[in-house]
Amino acid sequence: MKKTFFYIALAISTLSAYAQGPRSNSANNLPMVAPSDVWLMPSDDELKEWKTLNEAYSSEDADLPENMMRRYETIMEENPVMEDLYSGKCSWYCGGEVQRVTASSHLKAQGQFNYLPKNAHDFNHESAWVEGAQGQGIGEWIEYEFAGACPRVTGVKLLPGYVKTKAAWEANSRPHYLKMYYNGKPVCILDVQDARGMQCFDLEKYGPFGYNNADKPTWRLRFEIIEVYPGKKYQDTAISELEFDGIDVH
């Protein structure tokens, strides 16, 4: 009976902590920012179909039948996350550029697969940065460096977890709260939803970040894991993609 009351009290305490948000939020009085939009990943079957069509479409002697071309275009148009990653449409990246991506740690390569920091900015949903610390990676971080002349950033787009398949996404931990720093100074906490898709965070009211001035030094945005959604199989916490939106491009 005592054990039963203990576990009930523990559950209530845990739920209360989640309701209040991460302890770091109260300690630093940082604003919590929820995504303004979430673009879910296509189903695994649709991703396999898209990959086959994309490989054929991208080959030098590509000559897809009209029905296959229509299907490829339909998948892209109906899935904003795929269009964002692979369409090549105009965006902040028409003028913006990340110079370097570093992290506090990364998981060691396993066979042909690596989990380097750069994987979280390669515009590829099948790769991911996975932290390499013990446990769930609380306190681990990934950092992006920009030139002074780079256009300013006002938004972040995040693919949390290992999204390449539904099974991989569920197996690994995903960030729940990410503390964002600008040049070493805490700015806000991204309240990441436990959803397998691209999550768009509007940060204009806290920025813009950067200079858009060639006479200025490099600047940095860091994202620190402070709480996670636990994976069903692995403690490792993954981020498949973290990219940017902003101004000064057009």
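The expected span of a helix is taken here as 1.5 Å times one less than its number of residues, where helices (H or I, at least four residues) and strands (E, at least two) are DSSP runs numbered from the N terminus. This is a predicted model, in which local features need pLDDT of at least 70 and side-chain atom pairs count only at pLDDT 80 or more, while totals for chains, interfaces and linings use all residues. Residues are numbered from 1 along each chain as its sequence is written, and side-chain values use heavy atoms, with hydrogens and water left out.

The protein chain holds 6 helices and 11 strands, and of its 250 residues 44% count as buried, meaning under 20% relative accessible area with a 1.4 Å probe and protein chains only, whereas exposed means over 50% and partly exposed lies in between.

Helix 4, which runs over residues 66–78, has 13 residues and reaches 18 Å from its first C-alpha to its last, close to the 18 Å expected. Within helix 4, Tyr72, Ile75 and Met76 are buried. Seen down the axis of helix 4, the buried residues fall within an arc of 100° (taken over the directions from the helix axis to the C-beta atoms), so they line one face of the helix. The face turned away from that buried side carries the exposed residues Glu66, Glu77 and Glu78, while the cover over the buried residues of helix 4 includes helix 3 (44–58) and helix 5 (80–86).

A search of the whole structure for disulfides, defined as pairs of cysteine sulfur atoms within 2.5 Å, finds 0.

Key: Contact = heavy atoms within 4.5 Å.
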